[in-house]
Amino acid sequence: MQRFAHRAAAAATLLWMGAAQAVNDLPGGPGVNQLNVTKGVTKIAADQWWLHWFMLIICTVIFVAVFGVMFYSILKHRKSVGHKPANFHESVAVEIAWTVVPFLIVIGMALPATKVVVAMKDTTNADLTIKATGYQWKWGYDYIKGEGEGIGFLSTLDTAHRVMSDSGKPEQIDNYLLKVDNPLVVPVNKKVRIITTANDVIHAWMVPAFGVKQDAIPGFVRDTWFKAEQEGDFYGQCAELCGKEHAYMPIHVKVVSAEAYSAWVDAEKKKMAAKADDPSKVWELAALAARGEKVYAANCAACHGAGGKGAGPIKALDASAVVLDADKSKQMAILLNGAGNGAMPAWKQLSDTELAAVITYTKNSWSNQTGQIVQPAEMAAARAK
């Protein structure tokens, strides 16, 4: 958990270009030329930092002692200066020493490490429980217990950062590829339990400043926790190689005061109530397509492209036979169930209105001027099958 792979690559590129000084350390995230483990803002992260140095010092002392004796013996007792090998067989004292001393060293290392590992796994008595679901390639957050229960949203890489990456000439900014549209918000000094799972492939939820890295595995539920002791913005990434968009799956956690968190919860619930869709509502094509354009930009454009042309193995939506087909159920089934053995992920996490909107948008955009419309009620019926 020393630094993020993509940040290391970016830093190396900037060094090669002679422009490394244009990027600064990111508070709560990676630093320029960072070599040490992140000290963090939780007790677990601080304990991990201490263990890192404790183990490193012990290993260094052992290395110096063993190789020091070995090289001293090679230099001072070599045959070329007249030394002859000693002739002895067995030594009880030596055998006891080389058994007892390593045993004591291992115990001395294991005890503090075990204490920290046990503490890392203790997710009891949490003030707040949040489920983090990994998708290709974004995170979904659902507040399932504690203040904010019922809030849920997707967290996706900021569109502007994706555009910068695709251009091949990104701006030299501190949070490059770490900015998201909806950060995870939690209160300071509260124990937050994170339950991880995945929708498609194995992901991993990692925030070095919290000392947290937990795999998110399809069909399994794992958990971890953190208790941030400072307010601020903290960053991480999916730490499991999860596909071609792996580098575009950042994590942004915003730690705020208890008062600010309560205000955020109230605002989010009002926002959710305002956005709540009536699945029985009958939409006009223009309004539904406009809604679908936003859904497409947030969820589909990363792979299929803003113009629907696709790239490489990603199929184009513009002039696609499935999209143009008068049988709307074919495209509806793909969005609900996925296709290509996971190459096209399922999108059941989106609402019926969002799915209906994005299908309507693709059927009436670019060269696909079909005039077809999919209503939310049709998506609800397809989902229920």
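**Close-up 1. Crossing of helices α10 and α11 in the predicted model.** The axes of helix α10 (residues 352–363) and helix α11 (residues 376–384) come within 8 Å and cross at roughly 115°, with axes taken as lines fitted to C-alpha atoms over the stretch in contact and angles running from 0 to 180 degrees between N-to-C directions. The two helices α10 and α11 are therefore roughly perpendicular, a class that covers 65 to 115 degrees. In this contact (heavy atoms within 4.5 Å), D352, T353, L355, A356 and I359 of α10 meet P376, M379, A380 and R383 of α11. The residues of this contact divide into six nonpolar, one polar and two charged, where Asp, Glu, Lys and Arg count as charged.

The model is predicted, and local features need pLDDT of at least 70 while side-chain atom pairs count only at pLDDT 80 or more. Residues are numbered from 1 along each chain, and side-chain values use heavy atoms, leaving out hydrogens and water.

**Close-up 2. Cysteines without disulfides.** Zero disulfides (pairs of cysteine sulfur atoms within 2.5 Å) are found in a search of the whole structure. The closest cysteine sulfur to that of C242 belongs to C238 and lies 3.8 Å away, too far for a bond. C242 is buried, with a relative accessible area of 3%, buried meaning under 20% with a 1.4 Å probe.

**Close-up 3. Surroundings of A209.** A209 is found in the loop between β6 (203–207) and β7 (212–216), and at 6% relative accessibility A209 counts as buried. Not counting residues up to four places away in sequence, A209 touches G28, T38, G40, V41, T42, A45 and F234.

Methods:
Helices (H or I, at least four residues) and strands (E, at least two) are DSSP runs, numbered from the N terminus. Angles under 35 degrees count as roughly parallel, over 145 as roughly antiparallel, 65 to 115 as roughly perpendicular and the rest as oblique. Buried means under 20% relative accessible area, exposed over 50%, partly exposed in between (1.4 Å probe, protein chains only).
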